[in-house]
Amino acid sequence: MSNVQDDRHVLSRLSMVEEIRMMAYEDRNYLPSGEISEKVLSIIATVPRHRFVPAGEMCSAYCNHPLPIGFGQTISQPFIVALMTELLALEQQDRILEIGTGSGYQTAILAAIVDKVYSMEIVESLSHQAGSLLAELGYSNVQLKIGNGHWGWPEYAPYDGIIVTAAAERIPPLLLSQLKNGGHMVIPVGRWAHVQDLILIKKSKEGLIHQQNILPVSFVPLTGGV
Ligand code: SAH
């Protein structure tokens, strides 16, 4: 992973983390624990976000807003990355499925916390780009797949957590079926170009589904059809 000592972006990252902490405090009612944990914030403080954005966007890599990553796609705002990561209630031994690899930034955050991350991306070039960068940065616990995330990745199911980083018109039933009992799923639901709802789904130990609206968000659409 990146050598933090040698990284001239450390200060920008720390101030981004402080901004996330403050936003989380203002929005604390959205968070089951009332805050973003130090576990998540400390990882965000080390992952080199500037490597995941196009060269022209390097300077604003640490501002708290989304950025273009090519192919009409965006890397999410740091606060939303932190919030979604927190909502997954990750444990080190978890196996996580991500839909929408994009730049690989969210993948890297997850991979720094849990044992294994499976990430699907529908745009082939984005997946290849993210794969090379994640390998270069030393994330060896990530497996990528090119494909339509509506179907999930049954081979490694069930997952302790599922994170979808593009907006679905409705919750894909196959993803829900690949979530472990006791697992958490975070997904933006709603139509593209409309305000969507970030939804937290908890599957109880008995397999019952509990759904909670967290906050309004704006994501690119989950494409590819069902
Ligand atoms: N997590 C990413 C955010 C990427 S934006 C990051 O940190 O950069 C959402 C991504 O979802 C885009 O790359 C888009 O191509 C991808 N996507 C859209 N529909 C998809 C689908 N059906 N299956 C898999 N990926 C999809």
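Student: Which residues are buried in helix 3?

Tutor: This is a predicted model. Helix 3 covers residues 78-87 and is mostly covered. To count as buried, a residue needs under 20% relative accessible area. In helix 3, the buried residues are Pro78, Phe79, Ile80, Val81, Ala82, Leu83, Met84, Thr85, Glu86 and Leu87.

Student: Which residue with a positive phi follows helix 3?

Tutor: Look in the loop between helix 3 and strand 3. Most residues other than glycine have a negative phi. The residue that follows helix 3 is Ala89.

Student: Is Ala89 buried, partly exposed or exposed?

Tutor: Buried means under 20%, exposed means over 50%, and partly exposed lies in between. Ala89 has a relative accessible area of 41%, so Ala89 is partly exposed.

Student: Phe71 is not a glycine either, so what is its phi?

Tutor: Phe71 sits in the loop between strand 1 and strand 2. Phe71 is partly exposed, because its relative accessible area is 49%. The phi of Phe71 is positive, about 55°.

Student: Which peptide bond is cis, with omega near 0°?

Tutor: Most peptide bonds are trans. For this one, go to the loop between strand 5 (142-146) and strand 6 (159-164), where Pro158 is placed. The cis bond runs from Ala157 to Pro158.

Student: Now the ligand. Which residues surrounding it are the closest?

Tutor: The shell around the ligand has 26 residues. By class, it holds eleven nonpolar, 13 polar and two charged residues. The closest are Ser103, Glu121, Asn148, Gly149 and Thr223.

Student: Which element gives the most residues to that shell?

Tutor: The space taken by the ligand is the largest pocket. With three residues, the one that gives the most is strand 2.

Student: How far is a nitrogen atom of the ligand from a polar backbone atom of Gly149?

Tutor: For Gly100, a polar backbone atom is 3.1 Å from a nitrogen atom of the ligand. For Ile122, a backbone N or O atom lies 3.2 Å from a ligand nitrogen. For Gly149, the distance is 2.7 Å.

Student: How much of the ligand's accessible area does the protein cover?

Tutor: Start with the ligand on its own, which has 580 Å² of accessible area. Of this, the protein covers 99%.

Student: Which residue's backbone oxygen does the side chain of Arg49 reach?

Tutor: Arg49 lies in the loop between helix 2 (38-44) and strand 1 (67-70). Arg49 has a relative accessible area of 0%, so Arg49 is buried. At 2.7 Å, its side chain reaches the backbone oxygen of Ala61.

Student: What distance separates the C-alpha atoms of Ile69 and Gly102?

Tutor: Ile69 is in strand 1. Ile69 counts as buried, because its relative accessibility is 8%. Ile69 and Gly102 are 33 residues apart along the chain, and their C-alpha atoms are separated by 7.5 Å.

Student: And what distance separates the C-alpha atoms of Gly182 and Gly161?

Tutor: Gly182 belongs to strand 7, residues 179-189. Gly182 has a relative accessible area of 40%, so Gly182 is partly exposed. Gly182 and Gly161 are 21 residues apart along the chain, with their C-alpha atoms separated by 9.1 Å.

Technical notes
Residues numbered from 1 in each chain as written. Predicted model: local features only at pLDDT ≥ 70, side-chain atom pairs only at ≥ 80, totals over all residues. Heavy atoms only, no water. Near = heavy atom within 4 Å. Polar contact = N/O pair within 3.5 Å; in protein donor to acceptor, adjacent residues only side chain to side chain. Areas by Shrake-Rupley, 256 points an atom, 1.4 Å probe, with all protein chains shown as cover. 1 Å grid on protein atoms, 1.4 Å probe; cavity = no way out; pocket = protein on both sides within 12 Å on 5 of 7 lines; lining within 4 Å. Sits in = over half its atoms within 2 Å of the grid points. Helix = DSSP H or I, 4+ residues; strand = E, 2+ residues; numbered from the N terminus. Nonpolar A, V, L, I, M, F, W, Y, C, P; charged D, E, K, R; others polar. Buried < 20%, exposed > 50% of the residue type's maximum accessible area, 1.4 Å probe, protein only.
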